[in-house]
Amino acid sequence: LDSKPIGLTPVAAVADEFPSYHADKDQGIEIVGLDYEPNLEKITQLKPDLILGWDHHEQAYPILSKIAPTILTQPDGEPSSGDEWKEYFSFVAEAIGKQDIAQQVLDKYNQRIAQMQAAIGNQYVGKAISVAQVTEKYGIEVYTKNSFSGSIFSELGWERPKLQDVIKPRGVIEAISAEKLELIDGDILFVLNFNNDDRELLNDLLKDPLWKTLRAVQNNQIYPVDGWTWVVANPLAADAILDDLYKPLSIAP
């Protein structure tokens, strides 16, 4: 939006990191606590002209609004699943008077979707694209069609495995046991990892006899991807997901 914040709280729950797709865009931005624990003292010291927050910052609103004009999102009360990322982006754009730039960003994204559809053609018709995560902290989880990545796949017209072609809170089916691995089966499997421990866990699981029964594993069509990129829904991340798709799908960007 051609507007750089002076401070923000990383949603990655890591105090000194931003997602990798930010590249150098986050240089000079002050980290002011974590998403659910904003540091009010640091925010005060920055003397902001405007504060933007999520609905879960409601308890801090009385104090934040005394520091500077504060606008919180107004969702429908349901937990965010990621498929509303365009609405949240438009909310931010309107809050800072950048609607024209926002439309240009969305137009460019839609153009990339159309280009990828043209490049792929009918190559993946009838093939199910599965998305799961493997983490030390939460185990195995599956992303449904109303997740962030699910919304992008829907726009591409890609099929999801039947068991993932559903709507769930937060766009996630949680805590998949080894006996329910059919939930993540598909012709192509993207696996979200968030750190090195997660990647090592995935490598171990790929040696498990149960995992070797998955079609994607048998066909060598399993692709690890960065979890924060595929979960934290916004236009920069959407662009990064499209970049992630080019190599495994063997198409030119």
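**Close-up 1. The second largest pocket holds about 180 Å³ of space.** This is a predicted model, in which local features need pLDDT of at least 70, side-chain atom pairs count only at pLDDT 80 or more, and totals for chains, interfaces and linings use all residues. Residues are numbered from 1 along each chain as its sequence is written, and side-chain values use heavy atoms, with hydrogens and water left out. A pocket here is an open set of points on a 1 Å grid over the protein atoms alone, where a 1.4 Å probe fits, with protein on both sides within 12 Å along at least five of seven lines; lining residues have an atom within 4 Å of a point. Among the lining residues you will find Tyr223, Asp226, Thr229 and Lys247. The largest share of the lining, 4 residues, comes from β11.

**Close-up 2. Trp85 and Tyr109 form an edge-to-face pair.** Rings of Phe, Tyr and Trp (its six-membered ring) pair if their centres lie within 6.5 Å; planes under 30 degrees apart are stacked, over 60 edge-to-face and the rest tilted. By this rule there are 10 aromatic pairs. In this one, the ring centres are 5.1 Å apart and the planes meet at 85°. Because Trp85 lies in helix α3 and Tyr109 in helix α4, the pair ties together parts 24 residues apart in sequence. Trp85 is buried (under 20% relative accessible area), at 3%.

**Close-up 3. Phe190 and Tyr223 make a tilted pair.** Their ring centres are 5.8 Å apart, with planes at 35°. Phe190 sits in strand β10 and Tyr223 in strand β11, 33 residues apart. Phe190 is buried, at 0% relative accessibility.

Technical notes. Points joined across faces, edges and corners; volume = space filled by probe spheres on them. Helix = DSSP H or I, 4+ residues; strand = E, 2+ residues; numbered from the N terminus. Buried < 20%, exposed > 50% of the residue type's maximum accessible area, 1.4 Å probe, protein only.
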